[in-house]
Amino acid sequence: MSPWAVFLLAVGYLLLLFAIARFGDRRADQGRSIITANVYALSLAVYCTSWTFYGSVGRAASGGLGFLTIYLGPTLMLMLVPVILKIIRISKRERLTSIADFIAARYGKCQSLAGLVTVIAVIGIVPYIALQLKAIASSLQVLFPHGQGVSLLGLDTTAVIAIALAAFTILFGTRHLDATERHEGMVAAIAFESLVKLLAFLAVGMFVTFVLYDGFGDIFARAAAVPELSRLLGLEPSLASWTSLVLLSALAIILLPRQFQIMVVENVDEGHLRRSVWLFPLYLLLINIFVLPIALAGLLQGMPGNGDTFVLSLPLSQGRESLALLAFIGGLSAATGMVIVETIALSTMVCNDLVMPALLRVRALGLEQRSDLSRLLLNIRRVAIALILLLGYIYFRAAGEAHALVGIGLISFSAVAQFAPALFGGMYWKQGNRAGALAGLLAGFLIWGYTLLLPSFAKSGWISGDFVSQGLWGIEWLRAHALFGLEGFDEISHCLFWSLFFNLGLYVLVSLTVRPDAVEAGQANLFVDVFQRRVTQASRLLWRGRASYQALAGLLERFLGPERARQQLQSYARKRGLTQLENREVDAELVRFAEAQLAGAIGSASARVVLASVVEEEALDLDEVLNILDEASQIRAYSRELEKKSRELEAATRELRAANAQLRELDRLKDDFVSTVTHELRTPLTSIRAFSELLADDPGMEVVDRQRFLGIIVTETERLTRLINQILDLAKLESGRADWTASQVDLPALIRHAATAMEQLFRDKAVALRLDCPDQPVLVMADQDRLTQVMINLLSNAVKFVPAGAGQVTVTLECTADRVRVSVRDNGPGIGPEEKEFIFERFRQGGNTLTDKPKGTGLGLPISRQIVEYFGGRLWVESELGQGAVFIFELPRKKDGTKTEQREERPHDPQDPDRR
Amino acid sequence: MGRFNIERQRLVALALLGLVLFNPPMLHVQAGDGGAGPGLYLFGAWAILIALAAWVSEGPRG
């Protein structure tokens, strides 16, 4: 295997990555993003670096299953979807592009805080980058054990690798400046890399497990037979170490700058979390399945080294060069993926949060006058990338040799864990403030440096190790690995305990003591209540001041480039339906928009500073801010109350309208009633008057005629009287003033009495009347006279409508346990369904009233119904056209022994169309 | 929103379950100490957790 062949293979692989990135970027520019849920989940696997690829095996070879803690933590953390979702939502709303930006924005867009977070991140991550360099270097060493490494201009292999990675990253990540700092092409390439490293590792794992040995059982059985190896099958004995590693890795999956970049900044759709919540842990599980078998196999085979290179040396020892090359590419993938994303994220932070604020402060540079700063920004980032890799290389030289890969990585994990109190506290605790965050971060960082970073230098002999063994200045309780006398922990747990203890303690303590300023209070609300729309709307009110549009647009052009600035402003105007922004007054919303755009390019803290140069802002004090936020919540309460009131009002209006409609209907009915009554009264009156006049005009009228006329007058008068009586009855009934006496009535007797009274009428028309009543008394509580009236009315109706001669009327009385039913059946023409509806209305009669002569007053049935209902019964008709009609009334039966009248609830009868 | 919300709560519950499954006392009780036991337990519990997460977040809706 020639070094140049490997070199070309590596370069070819990097070019492939570059092509994928270009493709992804082009698709993103066309608006056809290739970032799907799967790609997003795979890109999260940038978490698996050479640490995972090479280091885990080394860790397993010395510590057994403990290496798994680094993957269990992220598994659990990802399932805390609400937390991750909240970070993503806040970052999107505030256009935050890095973890430094996030923390600084939360605590009042504070530059010093942004700077501190950046410094911690850079210093903390440098060992991690060194880890990648070391992994690539040692993998090359395994491939070329005789030192025929690639060397250029007298530089060693690792330096060449660092330079190559820097060049590649610069090409990759800083081609253009994006307002959202999103790099879809990069994400696609990272997802691809994740696949490559997984497949490479699985290939080696399967080779070792199933080709070299006969499966898992075989390896484990052989290992168990060797006393030193059987130890590795068990769990780590230390509870503290296990717990702190799970905690560290759980924090790292969010707090590492590259994880924040991939998970939060590069997230295009919150729904993608659904997939990654299980796909990413599954990836972690797969890439770890063969770690222990490879470690055990390496030890069983007596491979040299500490296990970090078993993935390469095992295939090589078996003469499998191509498999070793695949493993090399996998390891290269793991390392480059990490370096690319990490340095891009860090360079953004360095540029936005360290360099820009400093440059802006130096007036001599005249940055305010420069017309286009976007190129300058890109160059700063490029230099930052190169510098970070240089630092990584220096660390590798200084301390890299003394540590295993995982040991180096854990130093970085512990550094970024210091962000946890400020970040999570800021998301859920409004009182947390800038002073607290600064104090906590600083304390945590210092303790981390003293207990972890400096000892790592001391271990490699770069500095004196006295402070570790004897304590600083010989003070025993300052020993770096037993601070304040805390002994018995491993160095990571020890550092984590003390650094988080002081970090969290000071954060809480100082936050509760120092009063925050106005900007902080506003931001705290925006972060903590990010899911409440009212609060984010209220945020618009948190700015008061004056600005000119030209100055604002000029600022955007300088930092984003003229073209991009114009695009953004146009899309802003379009979204709000404004045709022209130029002549409008600059409002808080536009200022916030401009600030967000700037924040995307130079970070929120710097954005605030440069904005202040063109905007004349009226400073709000803390009370004002709190008042505005308070008002927002009050307005919300008011509006809710108003909504409730207006709903009530609507309901009341509906009721009133219904009542009004009913009143109108009643009024109309009354008018109808009056006109009908008048009409009904006039007919008999007219005939009485006509016949009276005849009698008066002709004194010599024949006696026979006179008798006949007088007879007519008497009949008409009777009809008139009857009519008036009925109207009075009805009026009484309807007003509820009817004073009837309810007494025991024997119904069969009453029916027979009514039939006798009507006998003459039936006989005149030759209609047969049949009574079907029991002989023994059936008692109901009712008014005897009124009930007789009902019966007579029903009989006279029946006789009116049956044909003369062939007519038949049957009265039937049936008893149930508690009711008595009387039906009057005739064989008349019957009643159509539509007529059934209204024959119980006043003055409405069956039959065609236009052609037929009215046969009654039209009040009989309404009155009958009122009477029956008054005594707790009901009256209805069952009929079909041509089938005759049955009028039926039912009354509650008088129970023997009970004297009181019972008005029972009427049972629901679906067959009864006339119920009112 | 409501649907996603109950989903989120279930996932958080799974995270808590994982915390119990992977904490050292539980590990020592469940996994024993020798042979392939601890490894089997860890990977088994992990796989079950992942399967449950997949089922909660991608399973049938409604």
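**View 1. Salt bridges between chain B and chain A.** In this predicted model, the interface of chain B and chain A holds 2 salt bridges by the rule applied. One of them joins the side chains of B:Glu58 and A:Arg275, with a nitrogen-to-oxygen distance of 2.6 Å. Polar contact between chain B and chain A involves 6 residue pairs, both partners having pLDDT 80 or more.

**View 2. Elements of chain B that touch chain A.** Helix H1 (2–21), helix H2 (24–31) and helix H3 (37–58) of chain B are the elements that give two or more residues to the side touching chain A. H3(B) gives the most to this side, namely 12 residues. Sorted by class, the side of chain B that touches chain A comprises 21 nonpolar, 5 polar and 5 charged residues.

**View 3. The area buried between chain B and chain A.** The two chains bury about 2800 Å² between them, and carbon and sulfur atoms give 81% of this area. Within chain B, the residues that lose the most area to chain A are B:Phe43, B:Trp46 and B:Ile50, which together make up 23% of what that side buries. The contact draws 31 residues from chain B and 29 residues from chain A.

**View 4. The fold of chain B.** Chain B contains 3 helices and 0 strands, and its pattern along the sequence reads α-α-α. Of its 62 residues, 42% count as buried, while the accessible surface of chain B amounts to about 3200 Å², with 72% belonging to carbon and sulfur atoms. Among the contacts in chain B with a separation of 6 or more, 56% are accounted for by residues 24 or more positions apart.

Terms used: Residues are numbered from 1 along each chain as its sequence is written. Chains are lettered from A and ligands numbered from 1 in the order in which they are written. This is a predicted model: local features need pLDDT of at least 70, side-chain atom pairs count only at pLDDT 80 or more; totals for chains, interfaces and linings use all residues. Side-chain values use heavy atoms; hydrogens and water are left out. Contact means heavy atoms within 4.5 Å. Buried area is the accessible area (1.4 Å probe) that two parts lose on being put together, summed over both. A salt bridge is a side-chain nitrogen of Lys or Arg within 4 Å of a carboxyl oxygen of Asp or Glu. A polar contact is a pair of N or O atoms within 3.5 Å; within protein, one must be able to donate a hydrogen and the other to accept it, and residues adjacent in sequence count only if both atoms are side-chain atoms. Helices (H or I, at least four residues) and strands (E, at least two) are DSSP runs, numbered from the N terminus. Ala, Val, Leu, Ile, Met, Phe, Trp, Tyr, Cys and Pro count as nonpolar, Asp, Glu, Lys and Arg as charged, and the others, Gly among them, as polar. Buried means under 20% relative accessible area, exposed over 50%, partly exposed in between (1.4 Å probe, protein chains only). Accessible areas come from the Shrake-Rupley method with a 1.4 Å probe; for residues, only the protein chains shown count as cover.
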